[in-house]
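Please read them with the coordinates open.

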Amino acid sequence: MSDPLIGFRQYWYKNDLTKLEGMDVHMMPVPSSYNDITTQTNIRDHVGLVWYDRTFFVPQSWVNKKRVILRFSSVSYAAQVWLNGKLAVNHEIGHLPFQKDVTALLNFGASNRVTVACDNTLLQDTVPQGTVYEAKTDLGNKLVQSYTFDFFNYAGIHRPVVLYTTPLHYIDDITVYTDVSGTTGLVYYNVIYTKSDDVTCVVTLFDKHGTKVAGAESYGQDALKVPDAKLWWPYLMHKDPGYLYTLQVELHNTEKEVLDVYRQPIGIRTISWTNTSLLINNHPIYFHGFGRHEDADIRGKGLDLPTIIRDHNLMKWIRGNAYRTSHYPYADEIMDVADQLGIMIIDECPSVDTDAFSLRLLEKHKDSLTELYKRDKNRPSVIMWSIANEPRTQSKAAGQYFEEVAKHIKSLDRTRPVTIAIARGVNEDQSGFHLDVISFNRYNAWYQNPGRLDMITEKIVEEATAWHTKYNKPVLVSEYGADTMPGLHIYPEYIWSEEYQVTLLSNHFKAFDRLREQGWFIGEFVWNFADFKTAQTYTRVGGNKKGLFTRDRQPKAGAHHVRKRYSLLAKEL
Ligand code: GCB
């Protein structure tokens, strides 16, 4: 096996990688996963470190005038970053941003080199978990990564990398919480900035046409009152959904000069919940949406703006009002679109299939939620936090572990409910006590009783009822579905055919309609919006094919079928 740490031993971060002898160098686009860019199996299936580097120029005019920040929107899984041969920042956990003030490391008016060592190995104390072992192959011993979650472990610099500047007096963070009293919107804000007696915070709220509707001068904390506020409503619940104001925060010195400015889009809305409902602006919500993935041909999990916009156009076409960011936080650019359209998001941290509950893992799991909260706290589209997908929640240890995780996110945010997409059975589950909403993933007529379309409706009704009876909380189905090979037609319905997917959906719809009459059933999420790539296994043909859309985002028969139902549900709102 080649030496996995060779890059450190040979100080690759101090060199131009393309000039080192014997290097396997590839042109690699950023942002993108690296796996599907080349034609080489060993790159697609690589386990361990890969190294990126490039040079860039920084203007002389920035020297002594600005702080310069290097921001990575996400690197999967772990990243070590050097600037001009000096360590700048380390970060672990994919799908989340990290940044560092690199002013002291830069050459101004000159060339700079950034080097990133990116490690995709998943172990028992990473989020998500995995196992690595050494295996004998025809080409010698190699590291093999195994994991139980069902999506390809894409890696690389997945999202944009930017250098941005702030003035020396700067706004560091803004937290916004909104409420409504009668027709007045209340916008509570807390601005963290470089405090000093002669600096004040001037906050102005603009409506979507750029007209000022409220304003205040403070030392960072106050509330704005917005008469006749236009509320942020979910898609299909209002003629102008996703209404966003802009909160402009300026730092002024005593001469009223603007030292720094930040513009934060905000939506004015409330979220509340009971043991039977989830309400936005005091209106009960019924979710009709999807589980999704960030996944596209060639770029893998790399940010892909055309796919993002296509997906949201399809979302509107199919009349979906929600999705879960299964099974990790999605790009800021995706969340921006959801905020604007009024799509409701169940925001999931990257914990999938957790099955060994150590203290070390617990700390990282909490970190992933802290970072997710920091990134998404001001987003009106984020309606609920999902703290895990399908953990093994049947043990006492799991119950205690998720009690801690739930407490942690609640200590950061009391304004949103918390859920887990649970896979274990209702009698064995130990996690539901600590959640506000019970979500469950269930594959009747697929993993359970494959081929038996007559074993869906009653089972779903029974199980959802049992969840509500056990925990006395609102219940939703967070996953159900069937792999479907587009173009495969078999009638009467036969597994993997388009006909099978359509009838499987219909038989779930019957259950959902019955459950809705009970008053505590709050949503249905088809698995999955689109086909996506997985690890290689005999149960997957070119990946997971449970999509309503193909991987290149064309509808299967199931998509037309769901569109009819979701259109009817939309009319009822
Ligand atoms: C699940 C998982 C999801 C899988 C899906 C399936 O329960 O949450 O990640 O892709 O089942 O199709 O097997």
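1. Arg 324 has a relative accessible area of 3% and is therefore buried, since the cut-off for that class is under 20%. Its salt-bridge partner is Glu 479, with the closest N and O atoms 2.6 Å apart. The two residues sit far from each other in the chain: Arg 324 belongs to strand S23 (residues 322-324) and Glu 479 to strand S28 (residues 475-479), a separation of 155 residues. Glu 479 is buried as well, because its relative accessibility is 4%. The model is a predicted one, and these values should be read as such.

2. Glu 479 also faces the ligand: a side-chain N or O atom of this residue is 2.8 Å from a ligand oxygen. For Arg 540 the corresponding distance to a ligand oxygen is 3.1 Å. On its own the ligand has 320 Å² of accessible area, and the protein covers 92% of that.

3. What is the make-up of the shell around the ligand by class? It has four nonpolar, four polar and five charged residues. Of the 13 residues around the ligand, those that come nearest are Asp 150, His 327, Glu 390, Tyr 447 and Lys 546.

4. The protein is divided into three stretches: domain 1 covers 6-166, domain 2 covers 171-266 and domain 3 covers 279-572. Between the C-alpha centres of domain 1 and domain 2 the distance is 37 Å.

5. Across the whole structure, a search finds 40 salt bridges. One of them pairs Lys 364 with Asp 125, at 4.0 Å between the closest N and O atoms. This pair, too, links distant parts of the chain, 239 residues apart: Lys 364 lies in helix H5 (residues 359-376), while Asp 125 lies in the loop between strand S7 (110-119) and strand S8 (131-137). Both Lys 364 and Asp 125 are buried.

6. The salt bridge between Asp 304 and Arg 299 has an N to O distance of 3.3 Å. Are its two ends buried or partly exposed? Asp 304 is classed as buried because its relative accessibility is 11%. Arg 299, at 31% relative accessibility, is classed as partly exposed.

7. Arg 442 is placed in the loop between strand S27 (438-441) and helix H7 (457-471).

8. A polar atom of the Asp 531 side chain lies 2.8 Å from the backbone nitrogen of Gly 547.

Methods: Residues numbered from 1 in each chain as written. Predicted model: local features only at pLDDT ≥ 70, side-chain atom pairs only at ≥ 80, totals over all residues. Heavy atoms only, no water. Near = heavy atom within 4 Å. Polar contact = N/O pair within 3.5 Å; in protein donor to acceptor, adjacent residues only side chain to side chain. Areas by Shrake-Rupley, 256 points an atom, 1.4 Å probe, with all protein chains shown as cover. Nonpolar A, V, L, I, M, F, W, Y, C, P; charged D, E, K, R; others polar. Domains from an automatic or database assignment. Salt bridge = Lys/Arg side-chain N within 4 Å of Asp/Glu carboxyl O. Helix = DSSP H or I, 4+ residues; strand = E, 2+ residues; numbered from the N terminus. Buried < 20%, exposed > 50% of the residue type's maximum accessible area, 1.4 Å probe, protein only.
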